[in-house]
Amino acid sequence: EAVTEHESITYAMVLSLEGDVLFHNDSGRQGQRTTDPSILNRINSGEKSVKKTMIGNQIFFDFFIPVTGLKDELTACIRVGFPASQIYMKIRRIIAYSAVIMGVSFMIGCVILVAFFDKWIGKPVEQLIQTIRNIKEKGVSSTGHQLAVSSDDEFGKLARAFNQMTAELRETMVSKKYVDTILENMLNSLIITDIDNIIQTVNQETLRILGYKREELVGKPITVILDKPESMMGKNTRISEPGDEMKAREINYLAKNGNKIPILFSASSLRLKNNKLKGYI
């Protein structure tokens with residue numbers, strides 16, 4: 001029945017331990033005896049085995065399956081042969097099915113990834129970009145600069161770090177605006193330079209006294225508005241050396257129209273927290 005139902009079986013037989021053919025799908029071979037030592041060894045090994053064998057010009061997979069009695073003693077052996085082409089065809093079919101399944105799974109995965117990409121990555125990145133644009137256009141003190149944090153992944157950590165940065169920056173900007181307001185409303189002329197005496201900041205009173213616009217002075221050496229600066233700076237070409245101060249020295253400002261304006265000039269070093277010299281006030 002097995003041979004009839006499965007056309008791929010080329011031969012099927014039951015062999016005794018001595019090699020007698022007790023059953024064969026080809027009835028003409030029943031009762032024959034096998035004398036091949038390698039076959040007899042496989043029959044009496046009591047173990048399942050499969051080997052490739054050549055019959056004519058065709059390769060077969062030759063299966064040996066032991067048969068045991070009621071007391072588990074070896075009594076016979078079943079031998080079945082399949083053409084290797086049949087096995088290879090099934091293997092190719094399995095590989096093809098696997099490839100199709102993998103392809104379909106991959107496409108489904110891509111669809112799911114694309115569907116959720118906007119939620120997982122697209123929206124957080126878009127929100128971050130928009131927040132940066134708001135800060136650039138409206139300033140850090142504007143509303144809408146906080147990112148919504150709804151996860152603990154890398155984007156969540158980035159959002160928290162960004163929110164903390166903007167909060168600290170906003171406090172810094174508020175403090176800076178407060179200081180700038182004070183400087184702009186001072187009744188005295190105030191100038192801040194770098195360590196090479198290049199003007200970085202001037203307040204409104206300085207501009208009023210000298211008749212310059214802010215952009216005409218920022219980036220220029222302070223010597224352009226001092227009468228005889230060499231009397232103050234000497235060979236060092238600086239208002240004062242690091243750690244030194246200059247207090248209430250009588251000199252002249254040079255206004256834009258060439259007028260000389262008597263002033264009492266003071267200077268001090270501008271240092272960072274690490275005591276590094278930043279410039280002069």
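The legends below describe close-up views of a predicted model.

View 1

**View 2. The pairing of strand 1 with strand 5.** Strand 1, which covers residues 11-16, runs antiparallel to strand 5, which covers residues 74-83, and six bridges join the two strands. Within this part of the sheet, L15 stands opposite C77, a residue of strand 5.

**View 3. The largest pocket and the residues at its centre.** The space in this pocket comes to about 390 Å³, and 17 residues make up the lining. Those that lie nearest the centre of the pocket are S189, L190, Y253, F265 and S266.

**View 4. The lining of the largest pocket, by element and by residue class.** Two or more residues of the lining come from each of two elements, strand 6 (191-194) and strand 9 (260-267). Strand 9 gives the most to this lining, with a contribution of five residues. When the lining residues are divided by class, 13 are nonpolar and four are polar, while no charged residue is found in the lining of this pocket.

Note on methods:
Residues are numbered from 1 along each chain as its sequence is written. This is a predicted model: local features need pLDDT of at least 70, side-chain atom pairs count only at pLDDT 80 or more; totals for chains, interfaces and linings use all residues. Side-chain values use heavy atoms; hydrogens and water are left out. On a 1 Å grid over the protein atoms alone, a cavity is a set of points where a 1.4 Å probe fits but cannot get out, and a pocket is an open set with protein on both sides within 12 Å along at least five of seven lines; lining residues have an atom within 4 Å of a point. Grid points are joined across faces, edges and corners, and a volume is the space filled by probe spheres set on the points. Helices (H or I, at least four residues) and strands (E, at least two) are DSSP runs, numbered from the N terminus. Ala, Val, Leu, Ile, Met, Phe, Trp, Tyr, Cys and Pro count as nonpolar, Asp, Glu, Lys and Arg as charged, and the others, Gly among them, as polar. Two strands pair if DSSP finds at least two bridges between them.
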